[in-house]
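Dear colleague,

I am handing over the structure below, and I would be glad if you could look through it alongside my notes, which follow directly after it.

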Amino acid sequence: MNIYIKKSTTYYRPILYVLKIIEKNKNLKFDFVDVVEDADLIWDHSIDNTQIISYNFYNELHKNKPKLNHEIVFKEQPIILNKKGQRDYIATIFYMINCLQEYSLSNKNLDKIGRFRFDSSYQFRFDNIEENLVQQYIDHLVEIFNIVDVTNKQSVFFISHDIDSIYGSFLQDGYWAAKNFRIDVILTIIANELIRKPHWKNIDKIIKLDNEFDVRSTFFWLVNKGKGSTNIENADYNISKEKVLLDMVKESGFVNGLHKSCHDMSINEELQKGEISNTCNRYHYLKYLPSSDWKKISDSKIDFDSSVGFSERYGFRNSYGMPFQPYDIKDDKPFNFVEAPLHFMDRTFHKYMKINTNEIGNIIIEYFERNQLNCLFSLLWHNTYFTDYKYNSFLEEYKKVMSFIYESKISSLVPEEIVSDNILKW
């Protein structure tokens, strides 16, 4: 299919980007032509037979401080309309996938540690956090364009473990044991401390468990210890003293990544400090804003990030189920890394949503079954939730999900595979 987009316009590169996303999503190959008469599909606001173009939206993108609040962009429904009231699916995909609702924020949109609040989002406003809207719009465009030779991909998983605490079991599991009159557990915890094998220093157990279900997972490590910015607690361990754990992960065929700490140290400085060779990252506490942090990632060695997710709610923070290259609206081109949004986190179910533990596994499985095509589901399970004591029931829910993955023959990917599959040909 031949496509013409009018060059030297504010919409040329953003529309080209979305069409490249559609190519990747549907395993298509468009031919971009320079002569309008050769085209099957045309984006040119100066002629009558153009595809729909929300000209004002693209002009706004190029302003110094664009107004991109979803209350302005999505007045009554989650779709961008042009001046004639026609639906512009291309512009909407561009807006959603790139988290542009987070580019025009005030303090009321942020929580106490500076994260974008779920209740400030259009997903909250329209109650569509569980909908893969971008995929729906891509599917609709394929129908509009009368494209029949498309390929849908089977959904897969990305499994990861953030290592925030190794030595917290003595106090937290100990408190749980005392409250539940478990003298046996208290004695076991004390014994583990004496032999220098704290209960949360369980990387070997996680590797063994994941191997049982034929899953390769990724471990994200903090390289800074103690209180960081906004008084957030970083690691309770010294990364230089835990090299045996990182070596264990590597030698087992799993992946070590950076868990960017709440600290003014740069990403590259943290990679160097932790001697982490793999260029993958997730921000600690998901303390992260695309409008500022995507540039920092792009300026670093990182080529894979998995931080786009709400702490308060599972689902699609950018209304899309697939990894993607974010777009740099300032330089008008894609950033040089792949973002794989985070969809499920143990702490979200436990601390924020307060869902009954024995329901968590079924929620994840049912969510997957509703989205069996064109999704890479990112699942985070902290090492602290692999426990026999305080969080014992969470271990059973993790096993429930892993059993589903194994028995259903669902693939699980690691960052290197995800990056290679999702770099756009630009």
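Which residue in β9 is the bridge partner of L258? In this model, which is a predicted one, the bridge partner of L258 is N281. The strands concerned are β8, residues 255-260, and β9, residues 280-283, which pair in the parallel sense over three bridges.

Both strands belong to an open sheet of eight strands with parallel pairing, and its order reads β13-β10-β9-β8-β7-β6-β15-β14. At the edges stand β13 (338-339) and β14 (344-345), and because each has a single partner strand, one side of each is left without a neighbour in the sheet.

Turning to the helices, α1 (residues 12-26) packs with α6 (residues 133-144) at an angle of about 90°, the axes being 11 Å apart, which means that α1 is roughly perpendicular to α6. On the α1 side the contact is made by I21, I22, N25 and K26, and on the α6 side by Q135, I138, D139, L141 and V142. Sorted by class, this contact of α1 with α6 has five nonpolar, two polar and two charged residues.

Finally, I looked at the cysteines, and a search of the whole structure finds zero disulfides. C99 is in no disulfide, and the nearest cysteine sulfur, that of C375, is 15 Å away. Seen from C375, the closest cysteine sulfur is the one in C99, and at 15 Å it is too far for a bond. C99 counts as buried because its relative accessibility is 1%, and C375, at 2% relative accessibility, counts as buried too.

With kind regards

Methods: Residues numbered from 1 in each chain as written. Predicted model: local features only at pLDDT ≥ 70, side-chain atom pairs only at ≥ 80, totals over all residues. Heavy atoms only, no water. Axes fitted to C-alpha atoms, helices over the stretch in contact; angles between N-to-C directions. Helix = DSSP H or I, 4+ residues; strand = E, 2+ residues; numbered from the N terminus. Parallel < 35°, antiparallel > 145°, perpendicular 65-115°, else oblique. Contact = heavy atoms within 4.5 Å. Nonpolar A, V, L, I, M, F, W, Y, C, P; charged D, E, K, R; others polar. Pairing = 2+ DSSP bridges. Disulfide = S-S within 2.5 Å. Buried < 20%, exposed > 50% of the residue type's maximum accessible area, 1.4 Å probe, protein only.
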